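Dear colleague,

I am handing over the structure below, and after it you will find my notes on what was found. Please read them with the structure open beside you.

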Amino acid sequence: MRLKYITSRMLIGLLVVIGIWGIGLSLGHSQSEQYVDVLIKDFEFRSTQMPLQLNAQTVINVVNKDEVRHDFGSSIFYNSNTRVESGGVIAYGNDVGGAFIEPGHKATFHFVIRESGRYHFQCSIHPDMKGEILLISAGTA
Ligand SMILES: [Cu+2]
């Protein structure tokens, strides 16, 4: 009986948390993150992205499905405090240029895009590997 009571209270608490989170999402996108997913396979970058906004928290996930080490480098990180997680190592900086990604591993970049435009990314190990990220929406975040 007592256990049941606690459980239902916890459930209500969870629903309240989800409700507040939902209100936060609908009120302002600045609270949520925008994503770019990059898959590296057969020495190619394959990226999928949502329309990106300026000055919003942005996450780039890069997964290396190849059997060799690759690099994801871009000027998109310049002038933004960037947090990089790769191979269990976390680094911070304003001058992050990218990260190396071991076979089967992934790297995650957390940052804010400060200027609109077309941003290229590339692998410094294999200069033929290139891709680009587009800032489709320049709406206020
Ligand atoms: Cu490469």
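**A strand residue and the sheet**

A99 lies in strand β7, which covers residues 98–101; strands here are DSSP runs of E with at least two residues, helices are runs of H or I with at least four residues, and both are numbered from the N terminus. Please keep in mind that this is a predicted model, in which local features need pLDDT of at least 70 and side-chain atom pairs count only at pLDDT 80 or more, while totals for chains, interfaces and linings use all residues. Residues are numbered from 1 along each chain as its sequence is written.

A99 is buried, because 23 other C-beta atoms lie within 10 Å, and a residue is called buried if 20 or more other C-beta atoms, placed from the backbone, lie within 10 Å of its own. Leaving aside neighbours within four places in sequence, A99 is in contact (C-beta atoms, placed from the backbone, within 7 Å) with F72, V84, S86 and A107. Of these, S86 is 13 residues from A99 in sequence, and their C-alpha atoms are 7.2 Å apart in space.

The chain has one helix and 10 strands. Six strands form an open sheet in the order β2-β1-β3-β8-β5-β6, with mixed pairing, where two strands pair if DSSP finds at least two bridges between them. β2 (44–49) and β6 (89–93) stand at the edges with a single partner strand each, so one side of each is left without a neighbour in the sheet. Within this sheet, β1 (residues 34–41) and β3 (residues 57–64) run parallel and are joined by seven bridges, and L39 stands opposite V63 in β3.

Terms used. A residue is buried if 20 or more other C-beta atoms lie within 10 Å of its own, exposed if 12 or fewer, and partly exposed in between; C-beta atoms are placed from the backbone. Two residues are in contact if their C-beta atoms, placed from the backbone, lie within 7 Å.
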